[in-house]
Amino acid sequence: MNNLKMNIRQIALITVFLVAATAVMSQNAADTVFATVSMDAPHTHYYQVEMDFNSNGEQNFEVKMPVWTPGYYWILNFAKNVTSLSATDEKGNPLQFLKTDLNTWKIEPGDAKRVKISYDVYAYERSVADPWLDDGRAFIQPTVVFMFSQELIQMPVVLTVNPYKEWSTVTTGLDCLNEKEHIYRAEDFDVLYDSPILAGNMEILSFEVDGVTYTISMENPVEFDHETYISDFKKIVKSATSLMGDTPHSYYAFLIMDQGFGGLEHRNSMAVFSNSNYDVTNRAGYKSWLAFIAQEFFHLYNVKRIRPIELGLFDYCGENLTNMLWVAEGLTVYYEYMVLNRAGLMSQQEVLDAYSKTIATFENANGRKYLTARQASYDTWLNFFNWNNHTDNTTISYYDIGNALGMLLDLKIRHETDGEKSLEDVMRNIYNDFHKNKTAVILMMNFAKFVKILPGVRWRRFFIMLK
Ligand SMILES: [Zn+2]
């Protein structure tokens, strides 16, 4: 049985290399998408964006603006911020275009080899899923600023960021091609859209864990003890990575803005608002700040790698419905406190207090008469991010119920196995089987599909599975 497994895995690995090599050869260098974002006058709150696509001889070339940002499950219609769009060919000759729905522009390339577009983006919303630009900072959530062409969505993107002339720092999780010129590369639009950028005159701190560099980029930090701060972040990273037994990234960036709303997890970065909450002398405030950081960091595993199937190959033009947010968010809340406890940053009593607070919030929510954890997950797109009195009366938070369910699952496993196993084993197994070592089974399935439907192979789905 073991030998057979080995053989299947070996065949699968050879298959990966062959298929990947074919894909690399078939990927034309001309398919690289070039994007530039400039911010010459930040006080106007407008970004200037230029994008340059291979027309591929298409008679109708469509560009689209995403309508939402993964992780923030609400349609925000980012096309509302776009203005002054123009399109030209590679020689600068104007191209005709027409808007065909709220977020789509259909361009007529004619004989053009390249389609170049330029437009401005209004950026003056203080949420982590929205764009921001003022004299203090540029927060570029790429789903909000860069358009895509569905045909080229799996193509690499070379991005040049031109920060305001008075600014000295640009921080992002993207691979850097040229640090001085702020040129970055994303292997496709999923990576681009999952890599926010923070520019300004930020305070930069950095540290290393297991040979991986972590950068903290902070806006307007109040007086604080740098050593404690770095050491606490380091403890969170060590605690989370050792709990899961793996580090899925080779670089990580903490983008910490001052005034604003929310926090979002990304593939090798997080974007969060501190609202000046760096006060290490206020123990309770600082603990909840660290819990916030621990949650976004643990999302590296739960939601970014262990994820509901609906939250992977994203549709950027509509709702991506799932009834599993109670796992994606709720279990992450459960583990944020575990991570802090193991890091020595929260006592057992503090952790139990945090759990009982969440359970009380759930038990006191009128909405539990109306919604299950699954229904609350599914309906999040309706009004969870647009909370009002009606939501208050009829909805529950899948964060709270998910945390409680996570705890019950954990206790049940510990009880049934006399403390031998826990929910952590489940998390690690899911992570290893479905993210890390998934090659064997899934690739064999896809290889069969590849042979059968060549050349109409669904490259995008195939490569997403390899990530
Ligand atoms: Zn979360």
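Predicted model: local features only at pLDDT ≥ 70, side-chain atom pairs only at ≥ 80, totals over all residues.
Axes are lines fitted to C-alpha atoms, for helices over the stretch in contact, with angles running from 0 to 180 degrees between N-to-C directions; helices (H or I, at least four residues) and strands (E, at least two) are DSSP runs numbered from the N terminus. The crossing of helix 4 and helix 6 is right-handed (the near helix is turned clockwise from the far one by less than a right angle; anticlockwise gives left-handed). Contact, meaning heavy atoms within 4.5 Å, joins Ile236, Ser239, Ala240 and Leu243 of helix 4 to Tyr335, Val339, Leu340 and Arg342 of helix 6. By class, these residues comprise 6 nonpolar, 1 polar and 1 charged (nonpolar: Ala, Val, Leu, Ile, Met, Phe, Trp, Tyr, Cys and Pro; charged: Asp, Glu, Lys and Arg; polar: the others, Gly among them).

Helix 6 also packs with helix 11, at an angle of about 70° and with the axes 7 Å apart. Helix 6 contributes Leu325, Trp326, Glu329, Gly330, Leu331, Val333, Tyr334 and Met338 to the contact, while the residues from helix 11 include Tyr398, Tyr399, Asp410 and Arg414. The contact of helix 6 with helix 11 divides into 10 nonpolar, 4 polar and 3 charged residues.

The second largest pocket has a volume of about 1000 Å³. A pocket is an open set of points, on a 1 Å grid over the protein atoms alone, with protein on both sides within 12 Å along at least five of seven lines, and lining residues have an atom within 4 Å of a point. Grid points are joined across faces, edges and corners, and the volume is the space filled by probe spheres set on the points. Of the 33 lining residues, Phe292, Gln295, Glu336, Tyr337 and Tyr399 lie nearest the centre of the pocket. Elements giving two or more residues to this lining are strand 18 (263–265), helix 5 (283–298), helix 6, helix 7 (348–363) and helix 11 (398–416). Helix 5 gives the most, with 9 residues. The lining has 15 nonpolar, 8 polar and 10 charged residues.

Residues are numbered from 1 along each chain as its sequence is written, and side-chain values use heavy atoms, with hydrogens and water left out. Local features need pLDDT of at least 70 and side-chain atom pairs count only at pLDDT 80 or more, whereas totals for chains, interfaces and linings use all residues.

Key
1 Å grid on protein atoms, 1.4 Å probe; cavity = no way out; pocket = protein on both sides within 12 Å on 5 of 7 lines; lining within 4 Å.
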